[in-house]
Amino acid sequence: MSNVVEVKDLVKIYPGGVKAVNGLSFTVREGEIYGLIGPNGAGKTTTLRIIATLLKPTSGRVEVAGYDVVENPDEVRRNISYLPEEAGAYRNLTGIEYLRFMAELYARNREEAERMVKEAIEISGLGDKIYDKTSVYSKGMKRRLLLARTLMVKPRLAILDEPTSGLDVIHALHVRNIVLKYAKEHNVTILLSSHNMLEVEYLCDRVGIIYKGKLYVEGRPSELIEEYKASNLEEVFAKVVGVHA
Amino acid sequence: MLRSLVIKEVKDLLRDRKILFAMIIMPLIIYIGMGAAMGALMEQSIKQVEETVRAGVKIALLNEDDGPWSKTFIGYAKKYWNATIILVNATSPSKALNITESLGLKALYIIPRGFSENISNEKPGVIQVYFVLHDLSVTSMGLLSVYTNIVSGFSKYLSSIIITRTAKVNPAFAMAPVISKAQVFLSGTIVNANLVQALSGQLFILPIAPMLVISYAASIAAMSIGVEKEEKTLEVLLSLPIRRRDIVLSKLTGSLLISLLASISMLIGFSYYMSSVSSVGINNTTSTTHVSMTGGIFGLIGIPGLTLYLISVFFSVFLASTLGLYLGSFGENVRSAQSMVGYIWIIVFFPLYIAIFTDFALDPLAKILAISIIPFSAPLVVLKAFLSGKIVYGIISVASSVGFLALVAYLLTKRFEGEKLLIGKSKRKKRSKHIKLKF
Ligand SMILES: Nc1ncnc2c1ncn2[C@@H]1O[C@H](COP(=O)(O)OP(=O)(O)OP(=O)(O)O)[C@@H](O)[C@H]1O
Ligand SMILES: [Mg+2]
């Protein structure tokens with residue numbers, strides 16, 4: 001199977017001099033759900049932003065669907081849909097107006113756009129609230145709206161930076177099921193980051209633990225648990241990060 | 001695609017109550033409110049003055065002369081102004097003034113000793129007018145002119161008496177034997193000089209409208225990027241399958257559309273203001289010239305001139321939006337984005353006013369050229385270029401606006417293509433800023 005994301009020797013130094021990513025390499029295969037896990041400040045968001053063409057790598061190579069993020073950013077953007085860690089919606093638009101606006105940017109025709117919006121309403125689970133302005137939404141409602149807009153376009157690659165952060169247990173569960181269902185039904189490849197080990201264990205085909213901008217271990221959750229003689233991924237994480245801390 | 005971006009831009013901005021209020025409703029309220037208030041107040045003041053005059057003014061008079069001509073004056077004031085003269089006795093003007101004030105009168109005339117003798121000897125006599133002013137109100141100023149008019153009216157009245165007595169000529173003729181009728185030859189047409197004077201006055205008023213629109217456009221554009229940062233929508237926007245220059249273009253189009261709305265609202269308000277202020281008596285003559293003048297100035301420069309003028313206004317507004325978006329992109333939220341462009345009106349205002357004081361016929365070519373090239377002078381340079389027949393400067397000025405526009409648009413697109421727009425200042429720089437703030 002071909003690789004949707006290829007990251008090789010990626011280094012990112014911020015203008016202030018912070019080395020956020022320090023020689024990171026990993027690949028995400030077609031159709032899989034790949035989880036980046038790591039402590040705060042490990043460089044997860046920075047990596048995802050580079051893959052989403054928002055930041056430029058200091059050195060190293062990043063390819064999405066065969067396109068280089070530096071040389072062909074427009075092509076890369078056509079293949080991805082990105083949910084940032086911290087994101088809002090336009091406060092003066094209603095939920096449905098927001099979705100329509102986004103759908104029009106991706107869809108080839110009106111019918112496709114309407115189909116996307118319909119699906120997004122279902123994913124979001126917002127019901128009639130979809131007709132309210134987003135300024136009255138709670139944090140969780142906004143997160144669901146944004147996740148719905150990320151998935152509704154059925155991208156080649158969905159990049160989700162902490163998709164369930166700020167959601168309560170019920171909604172997080174709902175979102176996880178949706179992500180899983182979408183990835184498998186529509187053959188969407190998903191690259192996500194998370195702090196929630198339960199979530200990662202449940203969702204991801206493979207995970208990579210990154211720390212101080214480097215990849216320390218990579219593999220299927222079950223394999224990692226076995227390898228580290230742990231009872232769950234949380235313990236694996238603690239052992240890996242604890243060892244290197 | 002671009003269309004849905006622009007629609008989103010306009011919807012999001014227009015539904016913002018702050019923008020709607022500040023840009024569209026405020027100008028209407030301010031101008032219409034101000035116009036109505038000014039109109040009403042002026043009317044009231046004029047009525048007050050007229051009523052006082054109709055009822056007959058009361059004047060305190062210290063008559064140190066007490067000769068035949070001062071008696072003529074008293075007769076004149078009573079007959080033609082329906083005035084009540086109250087004679088006061090005092091040894092000095094200040095004492096006479098105290099008495100005047102204690103009587104509750106507003107004016108004191110002093111006719112000094114020798115007044116009649118002077119006039120009889122064909123020397124001018126002096127009548128001192130003291131006006132008791134309690135407030136610098138429009139009514140007081142109106143009354144002051146009434147009291148001085150009584151004296152100047154008397155002077156004319158005397159002239160005609162003297163002329164009738166001593167010469168066998170028509171007094172009306174003798175008092176104004178020569179009248180100047182100035183005509184101006186301007187860009188190939190003969191124009192009344194009064195009109196031209198009003199016209200040059202209009203040159204001061206004309207830039208105000210483009211200036212306001214230009215600063216609106218800059219601040220709306222700045223707001224449109226500030227809002228993306230504040231609401232954290234920028235990151236998604238930049239990851240969408242849209243070319244960065246289309247994002248820039250949609251933001252500019254959105255803010256241009258809103259500045260157009262703002263200008264229309266301002267224009268309605270402004271014309272209401274002008275009409276309600278000028279409908280009042282005091283300003284009547286000047287404002288009628290203004291009205292005929294607006295047609296006048298554009299009538300003089302013709303359709304080509306008007307076309308280039310509109311083009312120059314368009315590019316100035318476009319340039320301002322682009323500059324506003326660029327500068328605003330350095331802010332972190334709506335407020336700081338707006339403060340980045342807060343002073344843009346200065347760089348707009350100065351070129352326009354330097355252009356007003358530039359004489360296209362007399363000033364050195366280098367100066368005219370320099371003024372034509374600086375950004376934001378274009379609307380006025382075009383008017384002046386057409387009035388003076390030196391159309392080439394109008395064209396240079398518009399071309400220079402387009403050049404600046406291309407430059408800023410290039411910088412702007414580069415900024416949207418780079419990563420600095422999203423991550424802003426680096427943390428290290430931020431820290432040094434905090435230290436600076438302490439001082
Ligand atoms: N705009 C920025 N300018 C300078 N340094 C930054 C910037 N953004 C992040 N960093 C630094 O880069 C490093 C990695 O940050 P990043 O946000 O990628 O971590 P993360 O793994 O996403 O953390 P978290 O789990 O807290 O979201 C951190 O040390 C952070 O301070
Ligand atoms: Mg992060």
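Predicted model: local features only at pLDDT ≥ 70, side-chain atom pairs only at ≥ 80, totals over all residues.
Residues are numbered from 1 along each chain as its sequence is written, chains are lettered from A and ligands numbered from 1 in the order in which they are written, and side-chain values use heavy atoms, with hydrogens and water left out. Helices (H or I, at least four residues) and strands (E, at least two) are DSSP runs, numbered from the N terminus. In H5(A), 12 of 14 residues are buried. Buried means under 20% relative accessible area, exposed means over 50%, and partly exposed lies in between (1.4 Å probe, protein chains only). Among the buried residues are A:Arg143, A:Arg144 and A:Arg149. The helix covers residues 139-152, and its end C-alpha atoms are 20 Å apart, in agreement with the 20 Å that 14 residues should span at 1.5 Å a residue. That expected span is 1.5 Å times one less than the number of residues. After H5(A) comes A:Lys154, with a positive phi near 45°.

**Helix H14 of chain B, end to end.** H14(B) runs over residues 344-356 and has 13 residues. From first C-alpha to last, H14(B) reaches 19 Å, close to the expected 18 Å. Its buried residues are B:Ile344, B:Val348, B:Pro351, B:Leu352, B:Tyr353, B:Ala355 and B:Ile356. Of the 439 residues of chain B, 44% count as buried.

**A stacked pair of rings in chain A.** Over all chains, the structure holds 16 aromatic pairs. One of them joins A:Phe26 and A:Tyr34, which are stacked at 5.2 Å centre to centre, with 20° between the planes. Rings of Phe, Tyr and Trp (its six-membered ring) pair if their centres lie within 6.5 Å; planes under 30 degrees apart are stacked, over 60 edge-to-face, and the rest tilted. A:Phe26 is buried, at 3% relative accessible area. A:Tyr34 is buried too, at 0%.

**A tilted pair of rings in chain B.** B:Tyr76 and B:Tyr80 have ring centres 5.2 Å apart and planes at 35°, so this pair is tilted. Both sit in helix H3 (residues 68-81) of chain B; they are 4 residues apart, so about one helical turn separates them. B:Tyr76 is buried, at 7%, whereas B:Tyr80 is partly exposed, at 46%.

**Charges over rings.** A:Lys12 lies over the face of A:Tyr14, 5.9 Å from the ring centre. B:Arg415 lies over the face of B:Phe330, at 3.9 Å. A charge sits over a ring if NZ of Lys or CZ of Arg is within 6 Å of the ring centre and within 35 degrees of the ring normal.

**Salt bridges within and between chains.** Side chains of opposite charge can pair when their charged atoms come close. The whole structure has 26 salt bridges over all chains. Each is a side-chain nitrogen of Lys or Arg within 4 Å of a carboxyl oxygen of Asp or Glu. A:Arg61 bridges to A:Asp68, with the closest N and O atoms 3.3 Å apart. A:Arg61 is partly exposed, at 42%; A:Asp68 is buried, at 8%. A:Arg91 bridges to B:Glu231 at 3.9 Å. A:Arg91 lies in the loop between E6 and H3 of chain A, and B:Glu231 in the loop between helix H9 (208-230) and H10 of chain B, so the pair joins two chains. A:Glu112 and A:Arg108 meet at 3.2 Å, N to O. A:Glu112 is buried, at 13%, whereas A:Arg108 is exposed, at 74%. In chain B, salt bridges that share partners join B:Lys8, B:Glu9, B:Glu228 and B:Lys251 into one network.

**A buried arginine without a salt bridge.** B:Arg244 is found in helix H11 (residues 244-278) of chain B. B:Arg244 is buried, and its nearest side chain of opposite charge, A:Asp74, is 6.3 Å away. Here Lys and Arg count as positive and Asp and Glu as negative; His and the chain ends are not counted. Leaving aside neighbours within four places in sequence, B:Arg244 is in contact with residues including A:Thr53, A:Leu54, A:Arg77 and B:Phe416. Contact means heavy atoms within 4.5 Å.
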